[in-house]
Amino acid sequence: MFDDLAGKVAVVSGGARGLGYEMASALASQGCQIALLDLLDASDSATKLAQQYDVQTTSAHCDVTDPESVAAAVESAVDALGTPQVLVNAAGIAVHKDALELAPDEWRRVIDINLNGLFFVSQAVGRQVVDAGGTASFINIASMSAFAVNIPQRQASYNASKAGVEQLTRSLAIEWIDKGIRVNAISPGYFRSQMTAQFIDDNPDMGKFWIERIPAGRMGEPEDLDGVTVFLASDASKYVVGEVIVIDGGYTIV
C-alpha cells in the first residue's frame, strides 16, 4: 500500500475505458479520489470505481484537442473533488496506415490527440496546482513506439506523436520541478487494451507476429501497469523526475 495516496485527487484523461480506466482503478485502490475526463461518457466508469473502492469520483466530458473543453473539464473536477495532486494523461489514438496513403486530417488528428491534447491537459491541471500552491505528480502515457518503429503495421503518425510525448515529458519535468510538479512517463509495449484487442481480432496474424517477438511470451495485460502507476503517483518516487519507464516484456532490448 502507498498510504500517502489516500485522499489525493487524481485526474485521468482517457479514463472511461481501457488502460486509462485500469490506471484510474489502480489509484482508486490506494484511496485516491478519481476524476475521469473523456470524450466518451465516463459516468458509469466513475460510479463503478466509487462503488468498488469506496472513494469519491466524478467524470466530465473532455475533448483534449480543445483547450476550452479541457479547461472546463478540469474546473469541473476541481469543483467536485479539489485541486489535483495526480494526473494521468492516457487519452490517445492510433491510425495504422501507410504514410503514402495517410490523409492530412488523419495525421493531424493523431498528433492533436496524442501530443497537443496531452499538453493542454497538463497545462490546465498544472495551472490549478500552481495557483493553489500545491504539489503534484504527472504521469504521461508514451509508448515504446517513441523509439522503436513497430512492424509490420504502418503507424508513422502514432510513432511521431509518442516521440513528442517523451520529449515533452522531459521538458515539462525540468520546467515545472521547481513549481512542485514532478513529470514522468510510462512507455508501454504491446498491451491487450480494448483498442489493441479490436485490432488483433481484425488482424489475428499481426497479434501472433507481435507475441512471437516478445521475450516474455505474451502481450501485456492492463493490470501490468498498476504497480508503476501507483509508484510514480506516490511520494515513494519523489526523486524520480523526467524519467520514461518502459514496460514491454523485453521487446525493445532484443
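Between which helix and which strand does the loop that holds Tyr239 lie? In this predicted model, Tyr239 is found in the loop that runs between helix H8 (226–233) and strand S7 (244–247). Its relative accessibility is 82%, and Tyr239 therefore counts as exposed, the threshold being over 50%. Ala197 is 42 residues away from Tyr239 along the chain, and the C-alpha atoms of the two residues are separated by 36 Å.

Seven strands, written in the order S3-S2-S1-S4-S5-S6-S7, form an open sheet with parallel pairing. From one strand to the next, the twist averages 15°.

Within this sheet, S5 and S6 pair in the parallel sense over 6 bridges. Phe138 stands opposite Val183 in S6, and Ile139 has Asn184 of S6 as its bridge partner.

The unreviewed UniProt entry assigns "domain: Ketoreductase" to residues 8–189. In the model, this span is 47% helix and 19% strand, and its end C-alpha atoms lie 29 Å apart.

The open spaces can be considered next. The largest pocket has a volume of about 1,000 Å³. Its lining comprises 44 residues, and those nearest its centre are Ala90, Ala91, Gly92, Ile93 and Met195. Two or more lining residues come from each of helix H1 (18–28), strand S2 (33–38), helix H4 (104–131), helix H5 (156–176) and helix H6 (194–202). By class, the lining of the largest pocket consists of 22 nonpolar, 16 polar and 6 charged residues.

The second largest pocket has a volume of about 160 Å³. Strand S5 (136–141) and strand S6 (181–188) each contribute at least two residues to its lining. Among the lining residues are Ala136 and Ser137, together with Ile181 and Arg182. Others in the lining include Lys8, Gln85, Ala233, Asp235 and Lys238. The lining of the second largest pocket contains 4 nonpolar, 4 polar and 4 charged residues.

How many cavities of 30 Å³ or more does the structure hold? There is 1 such cavity, and the volume of the largest cavity is about 40 Å³. Ser13, Val64, Asn89, Ala90, Ala91, Ile113, Asn114, Gly117, Leu118 and Val121 line the largest cavity. Helix H4 provides the largest share of this lining, with 5 residues. The lining of the largest cavity has 6 nonpolar and 4 polar residues and no charged ones.

Two features of the backbone remain. Most residues other than glycine have a negative phi, and most peptide bonds are trans. Asp54 has a positive phi, near 55°, although it is not glycine. Asp54 is placed in the loop between helix H2 (43–53) and S3. With a relative accessible area of 72%, Asp54 is exposed, because this value is over 50%. The other feature is the cis peptide bond between Ile151 and Pro152, for which omega is about 5°. Pro152 belongs to the loop between S5 and H5.

Key:
Residues are numbered from 1 along each chain as its sequence is written. This is a predicted model: local features need pLDDT of at least 70, side-chain atom pairs count only at pLDDT 80 or more; totals for chains, interfaces and linings use all residues. Side-chain values use heavy atoms; hydrogens and water are left out. Helices (H or I, at least four residues) and strands (E, at least two) are DSSP runs, numbered from the N terminus. Buried means under 20% relative accessible area, exposed over 50%, partly exposed in between (1.4 Å probe, protein chains only). UniProt positions are given in the numbering used here, feature names are shortened, and annotations may be inferred rather than shown by experiment. On a 1 Å grid over the protein atoms alone, a cavity is a set of points where a 1.4 Å probe fits but cannot get out, and a pocket is an open set with protein on both sides within 12 Å along at least five of seven lines; lining residues have an atom within 4 Å of a point. Grid points are joined across faces, edges and corners, and a volume is the space filled by probe spheres set on the points. Ala, Val, Leu, Ile, Met, Phe, Trp, Tyr, Cys and Pro count as nonpolar, Asp, Glu, Lys and Arg as charged, and the others, Gly among them, as polar. Two strands pair if DSSP finds at least two bridges between them. Axes are lines fitted to C-alpha atoms, for helices over the stretch in contact, and angles run from 0 to 180 degrees between N-to-C directions.
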